[in-house]
Amino acid sequence: MTATTTAAGDGGGSRRFVPPPRAAVDLQVFEHPLFAGLQDFRDLLDDAAWPSIAALDARLAFPGKRLVEQDAALLADGLHYEARIAQGHIATRAGNWHDLFNALVWACHPQLKQALNAQQCLHIDAMPPGQRNRAQAALTQFDETGVIVRVRDEAVLAAWDEHAWPTLFEPTRWRSGAVAIATVFGHALMEQALLPGRLLVGKCVVVQGDDDDACSAEVAAAIREGRALTDPLQLRPLPLAGIPGWHERQDAAFYANADYFRPLRAGRQYPPPLPDGRVDC
């Protein structure tokens, strides 16, 4: 298979990604580190049959939310997708990888999902019908392709600031915990990772800390309080295949691929990391 470079879920592509049928997915793909957070739900990914929406809702048991099948009758209410969630109903298409991964992310990270939904609804109410602002674009990009990265080494951030990719992806930095993936959040990333070898790009929020749960909680609080994801330019791109062990081939020629490991654009700057909220960090 030819690897494909893509920033999944950017909303602006001319070609919509078509995932493989369920029966065609190689189950070994779920061993990839990108799916590490979903291992408690492997049966929902591995089984030959799709779970029904009712069974999925019963299994996942969201606090204050229900998965409801997206059909013509549901859509007849005319509500915006996010407004419907605020009322307690997450519209979900049956037999659909994208929506299955979305449901699983809700189960794993309800605080983050709730924070995103609350902010989306605030912006929807403030904007004229059919119009979107930059904050909505940032919230959507993180929902679809988001990754939370935790760091405890300023040299890592300096390399990332400059798109010095060989330095950022130096294996000892990742083995030592100087930089690590706290959470793969974006469900579009998961959908595209069903095809092994795709060169995916995560859109990242960075937290200064060393505890995954604390980092995720801080991102949820920052979103809820309007301190994060107010503009797409706040999101740091991360070529995920560059993480040591995340791609089959990681030699010098691979990291020299400027179409994937892109140089820094003139004038591009990134925000400082969030603190993880703990007194000892």
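Helix H6 passes helix H12 in a left-handed crossing, a term for the near helix being turned anticlockwise from the far one by less than a right angle, with clockwise being right-handed. H6 spans residues 110–126 and H12 residues 212–224, and the two pack at an angle of about 10° with their axes 8 Å apart. Axes here are lines fitted to C-alpha atoms, for helices over the stretch in contact, and angles run from 0 to 180 degrees between N-to-C directions. H6 and H12 are therefore roughly parallel, the label for angles under 35 degrees; over 145 is roughly antiparallel, 65 to 115 roughly perpendicular and the rest oblique. On the H6 side the contact uses Gln111, Leu112, Ala115, Leu116 and Gln119, and on the H12 side Ser216, Val219, Ala220, Ile223 and Arg224. Contact means heavy atoms within 4.5 Å. Helices (H or I, at least four residues) and strands (E, at least two) are DSSP runs, numbered from the N terminus.

The model is predicted: local features need pLDDT of at least 70, side-chain atom pairs count only at pLDDT 80 or more, and totals for chains, interfaces and linings use all residues. Residues are numbered from 1 along each chain as its sequence is written, and side-chain values use heavy atoms, with hydrogens and water left out.

Ile223 also touches Leu139, Phe142, Ala228 and Leu229, among others.

H6 has another partner in helix H5 (residues 97–108): their axes come within 5 Å and cross at roughly 110°. That makes H5 roughly perpendicular to H6. Here Asn102, Val105, Trp106, Ala107 and Cys108 of H5 meet Pro110, Lys113 and Gln114 of H6.

Met190 lies in helix H11 (residues 187–192). With 2% relative accessibility, Met190 counts as buried; buried means under 20% relative accessible area, exposed over 50%, and partly exposed in between (1.4 Å probe, protein chains only).

Two loop residues remain. Most residues other than glycine have a negative phi. Ala61, in the loop between helix H2 (53–60) and strand S2 (66–69), has a positive phi near 50°. His163, in the loop between helix H8 (154–161) and helix H9 (165–168), has a positive phi near 55°. Ala61 is exposed, at 54% relative accessible area, whereas His163 is buried, at 13%.

Notes. Lists of a residue's contacts leave out its neighbours within four places in sequence.
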